[in-house]
Amino acid sequence: MKNKEIRKQIEQAGLRYWQVAEAIGIYPSTFCIWLRQELTGSRLERVQKAIEELTGGDGSERSEA
């Protein structure tokens with residue numbers, strides 16, 4: 001999956017980069033640095049898992065408590 005697709009997935013889910021970074025366990029600035037180059041391997045897996053967890057696994061917008 002290309003970073004462009006990851007960015008689109010985050011946007012469509014109504015998430016912010018800081019939320020994904022927090023779910024991964026990294027600083028938001030680190031996540032932005034990661035996105036400067038195509039994600040591969042464990043980084044890609046961590047990002048995809050975080051997005052899935054934040055959206056409830058179905059890609060829909062997460063609800064605020």
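The legends below accompany close-up views of a predicted model of a single chain.

**View 1. Overall arrangement of the four helices in the predicted chain**. The secondary structure of this predicted model comprises four helices and zero strands, and the order of elements along the sequence reads α-α-α-α. The chain has 65 residues, of which 31% count as buried. When contacts between residues at least 6 apart in sequence are considered, 60% of them join residues at least 24 apart.

**View 2. The packing of helix H1 with helix H4**. Two packed helices are described by the angle between their axes and the distance between the axes. Here the axes of H1 and H4 come within 11 Å and cross at roughly 15°, and because angles under 35 degrees count as roughly parallel, H1 and H4 are described as roughly parallel to each other. The crossing in which H1 passes H4 is left-handed. From H1, the residues that take part are Ile 6, Gln 9 and Ile 10, and they meet Leu 44, Val 47, Gln 48 and Ile 51 of H4. Sorted by class, this contact of H1 with H4 holds five nonpolar and two polar residues, with no charged residues. An α-helix has 3.6 residues a turn, so residues three or four places apart point the same way.

**View 3. The packing of helix H2 with helix H4**. The axes of H2 and H4 are 9 Å apart, and the two helices pack at an angle of about 110°; since angles of 65 to 115 degrees count as roughly perpendicular, H2 is roughly perpendicular to H4. On the H2 side the view shows Gln 19, Val 20, Ala 23 and Ile 24, which meet Arg 46, Val 47, Ala 50, Ile 51 and Leu 54 in H4. The residues of this contact of H2 with H4 divide by class into seven nonpolar, one polar and one charged. Val 47 and Ile 51 of H4, which meet residues of H2 here, are also among the H4 residues that meet H1.

**View 4. The buried residues of helix H2 and the glycine that follows the helix**. Helix H2 spans residues 17-24, and within this helix Gln 19, Val 20, Ala 21 and Ile 24 are buried. These buried residues pack against three other helices, namely H1 (3-12), H3 (28-34) and H4 (41-54). After H2 comes Gly 25, for which the phi angle is positive, near 100°. Cys 32 itself is located in helix H3 and is partly exposed, with a relative accessible area of 38%.

View 5. Computed along the sequence Thr 55 and Ala 13 are 42 residues apart, yet their C-alpha atoms are 6.8 Å apart in space.

**View 6. Met 1 and its contacts with residues elsewhere in the chain**. Met 1 belongs to the segment before H1 and, at a relative accessibility of 44%, counts as partly exposed. With neighbours within four places in sequence left aside, Met 1 is in contact with Ile 6, Gln 9, Glu 38, Leu 39, Leu 44 and Gln 48. Of these, Ile 6 and Gln 9 in H1 and Leu 44 and Gln 48 in H4 also take part in the contact of H1 with H4. The C-alpha atoms of Met 1 and Leu 39 are separated by 8.0 Å, whereas the two residues are 38 residues apart along the chain.

Methods:
Residues are numbered from 1 along each chain as its sequence is written. This is a predicted model: local features need pLDDT of at least 70, side-chain atom pairs count only at pLDDT 80 or more; totals for chains, interfaces and linings use all residues. Side-chain values use heavy atoms; hydrogens and water are left out. Buried means under 20% relative accessible area, exposed over 50%, partly exposed in between (1.4 Å probe, protein chains only). Contact means heavy atoms within 4.5 Å. Axes are lines fitted to C-alpha atoms, for helices over the stretch in contact, and angles run from 0 to 180 degrees between N-to-C directions. Angles under 35 degrees count as roughly parallel, over 145 as roughly antiparallel, 65 to 115 as roughly perpendicular and the rest as oblique. A crossing is left-handed if the near helix is turned anticlockwise from the far one by less than a right angle, and right-handed if clockwise. Ala, Val, Leu, Ile, Met, Phe, Trp, Tyr, Cys and Pro count as nonpolar, Asp, Glu, Lys and Arg as charged, and the others, Gly among them, as polar.
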